[in-house]
Amino acid sequence: ELDGSDEKIGAKVRLAELQKIPLMLTVGGIEAEKRTVNIRERGQGRKSRELGLDEFVGWVVERSEFSF
């Protein structure tokens with residue numbers, strides 16, 4: 001689900017945590033320019049990591065329950 005609201009990122013993160021969203025991806029101007037995504041997993045606190053797009057796709061496929 002995309003949150004395209006005008007809320008600040010901190011408010012969006014808090015809302016996602018309250019809704020128990022398991023995975024949050026953040027793509028802002030810097031990430032778009034660098035072709036990366038920031039990933040925050042529920043239960044990991046403020047810990048997030050940045051992956052390149054190809055790396056991210058591999059990460060999703062690796063954790064997927066589906067066979068591609």
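Residue T36 is found in strand β2, where strands (E, at least two residues) and helices (H or I, at least four residues) are DSSP runs numbered from the N terminus. The structure is a predicted model, in which local features need pLDDT of at least 70 and side-chain atom pairs count only at pLDDT 80 or more, while totals for chains, interfaces and linings use all residues. Residues are numbered from 1 along each chain as its sequence is written, and side-chain values use heavy atoms, with hydrogens and water left out.

With a relative accessibility of 10%, T36 counts as buried, a class defined by a relative accessible area under 20%, as against over 50% for exposed and the range in between for partly exposed (1.4 Å probe, protein chains only). When residues up to four places away in sequence are not counted, T36 touches V27, E31, E50, L51, G52 and L53, contact being taken as heavy atoms within 4.5 Å.

Three strands form an open antiparallel sheet in the order β1-β2-β3, two strands being paired if DSSP finds at least two bridges between them. The edge strands, β1 (23–26) and β3 (49–52), each pair on one side only. Neighbouring strands of this sheet are turned against each other by 35° on average, direction ignored; axes are lines fitted to C-alpha atoms, for helices over the stretch in contact, and angles run from 0 to 180 degrees between N-to-C directions. Strands β2 and β3 run antiparallel and are joined by four bridges, and R49 in β3 is the bridge partner of I39. Helix α3 packs on the sheet and touches β1, β2 and β3, its direction making about 105° with that of β3. Helix α1 (residues 9–18), in turn, lies across β1 and β2 and runs at about 165° to β1.

The largest nonpolar core consists of five residues, V37, I39, L51, F56 and W59, such a core being a set of buried Ala, Val, Leu, Ile, Met, Phe, Trp, Tyr and Cys residues joined through side-chain atoms within 4.5 Å. Two or more residues of this core come from each of β2 (36–41) and α3 (53–63). Beyond its neighbours within four places in sequence, I39 is in contact with L23, M24, L25, K47, S48, R49, L51, F56 and W59.

In the loop between α1 and β1 lies P22, which is exposed, with a relative accessible area of 60%. Apart from neighbours within four places in sequence, P22 is in contact with R40, E41 and R42. P22 and G43, 21 residues apart in sequence, are separated by 8.2 Å in space, C-alpha to C-alpha.
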